[in-house]
Amino acid sequence: MKFFIDTANLDQIKEAQALGVLDGVTTNPSLMAKEGITGKANILKHYEAICDCVDGDVSAEVISTNFDGMIKEGEELAALNPQIVVKLPMIADGVKACKYFSDKGIRTNVTLVFSAGQALLAAKAGATYVSPFLGRLDDISTDGLNLIAEIRQIYDNYDFDTQILAASIRHTMHVINCAKIGSDVMTGPLSSIEGLLKHPLTDSGLAKFLEDAKSFDL
Ligand code: E4P
């Protein structure tokens with residue numbers, strides 16, 4: 001299972017990268033805005049800075065909603081660095097753009113996916129990643145994990161290469177349950193990755209080992 005961090009914050013990306021388990025980064029316009037970055041040149045520069053912090057894939061989202069605009073933006077983003085994956089919204093022009101990029105060998109992440117049908121379309125259009133939004137479904141009392149399981153079954157039925165990128169992860173149990181279902185990737189905040197480390201028995205066990213090791217008189 002690949003671990004992506006869902007942020008545009010360079011310090012958090014560096015912290016996750018330092019842990020040695022990071023496979024990539026996902027961003028979206030809200031996450032970029034949160035970092036206070038303005039102006040096209042600065043935004044492009046920030047994507048490059050993110051690529052410099054991590055070895056793996058970096059999803060950069062287009063903000064155009066029409067085919068021509070998405071192609072222009074996506075090509076510009078993809079040209080920044082081979083690590084860039086063009087993130088496209090699950091709308092008709094997004095599906096067309098996904099097919100266009102996939103035919104050209106440019107990798108894509110189809111985002112804002114909330115149904116199995118949308119995930120099927122993204123796979124048919126050749127998406128590299130599909131991003132079902134687990135947490136946002138849970139937020140409205142709909143079982144987000146069930147959607148991941150449905151997509152897993154559909155993709156396995158037809159051997160689609162599209163990777164399921166469980167997005168909108170809120171906590172460690174989302175990560176663990178996605179791993180059980182067989183999600184290819186998860187993207188979540190730093191806390192959802194670092195939270196996996198924690199267990200009180202590990203802490204008390206280590207404290208006891210260190211206490212007992214004092215008798216070694218090294
Ligand atoms: C990532 O690709 C998505 O944009 C992100 O996970 C959405 O997360 P949110 O629902 O916490 O905003």
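This is a predicted model: local features need pLDDT of at least 70, side-chain atom pairs count only at pLDDT 80 or more; totals for chains, interfaces and linings use all residues.
**A friendly note on the pockets, cores and a few residues**

1. H3 gives the most, with four residues. By class, the lining of the second largest pocket divides into nine nonpolar and four charged residues, with no polar ones.

2. Now for the largest pocket, whose volume is about 360 Å³. Of the 23 residues that line the largest pocket, Asp6, Thr7, Asn28, Leu31 and Pro189 are the closest to its centre. Helix H2 (29–34) and strand S5 (108–113) each bring at least two residues to this lining, and H2 gives the most, with three residues.

3. How is the lining of the largest pocket made up by class? It has six nonpolar, eleven polar and six charged residues. For the second largest pocket, the corresponding counts are nine nonpolar, no polar and four charged.

4. Leu31 deserves a look of its own, as one of the residues closest to the centre of the largest pocket. Leu31 sits in helix H2. Is Leu31 buried or exposed? Leu31 counts as buried because its relative accessible area is 15%, and the cut-off for buried is under 20%. Leaving aside neighbours within four places in sequence, Leu31 is in contact with Asp6, Thr7, Ala8 and Thr26. Asp6 is 25 residues away from Leu31 in sequence, while their C-alpha atoms are 8.2 Å apart in space.

5. Asn9 lies in the loop between strand S1 (2–6) and helix H1 (10–19). With a relative accessible area of 18%, Asn9 is buried. Its side chain joins that of Glu35 in a polar contact of 3.2 Å.

6. Next, the interior. In soluble globular proteins, nonpolar side chains tend to be buried together. Here the largest nonpolar core has 56 residues, and Ile5, Ile13 and Leu88 are those with the most contacts inside it. Which residues does Ile5 touch, leaving aside its neighbours within four places in sequence? Among them are Gln12, Ile13, Ala16, Leu22, Gly24, Val25 and Thr26, and also Thr187, Gly188, Pro189, Leu190 and Ile193. A second, separate core has five residues, including Phe4, Val85, Leu165 and Val185.

7. Two residues stand out for their backbone angles. Most residues other than glycine have a negative phi. Ser168 is not a glycine, yet its phi is positive, at about 60°. Ser168 is in the loop between strand S7 (163–166) and helix H9 (172–181), and at 8% relative accessibility Ser168 counts as buried.

8. The other is Asp217, a residue other than glycine with a positive phi near 50°. Asp217 is found in the segment after helix H11 (200–213). Is Asp217 buried or exposed? Asp217 counts as exposed because its relative accessibility is 68%, and exposed means over 50%.

9. Asn146 falls into the class between these. Asn146 belongs to helix H8 (residues 144–158) and is partly exposed, with a relative accessible area of 41%. Leu134 is twelve residues from Asn146 in sequence, and their C-alpha atoms are 9.0 Å apart.

10. Finally, the chain as a whole. The protein chain has eleven helices and eight strands. Its C-alpha atoms fill a box of roughly 70 × 40 × 30 Å, taken along the principal axes. Of the 218 residues in the chain, 46% count as buried. Among contacts between residues at least 6 apart in sequence, 57% join residues at least 24 apart.

Methods. Residues are numbered from 1 along each chain as its sequence is written. Side-chain values use heavy atoms; hydrogens and water are left out. Buried means under 20% relative accessible area, exposed over 50%, partly exposed in between (1.4 Å probe, protein chains only). A polar contact is a pair of N or O atoms within 3.5 Å; within protein, one must be able to donate a hydrogen and the other to accept it, and residues adjacent in sequence count only if both atoms are side-chain atoms. On a 1 Å grid over the protein atoms alone, a cavity is a set of points where a 1.4 Å probe fits but cannot get out, and a pocket is an open set with protein on both sides within 12 Å along at least five of seven lines; lining residues have an atom within 4 Å of a point. Grid points are joined across faces, edges and corners, and a volume is the space filled by probe spheres set on the points. Ala, Val, Leu, Ile, Met, Phe, Trp, Tyr, Cys and Pro count as nonpolar, Asp, Glu, Lys and Arg as charged, and the others, Gly among them, as polar. A nonpolar core is a set of buried Ala, Val, Leu, Ile, Met, Phe, Trp, Tyr and Cys residues joined through side-chain atoms within 4.5 Å. Contact means heavy atoms within 4.5 Å.
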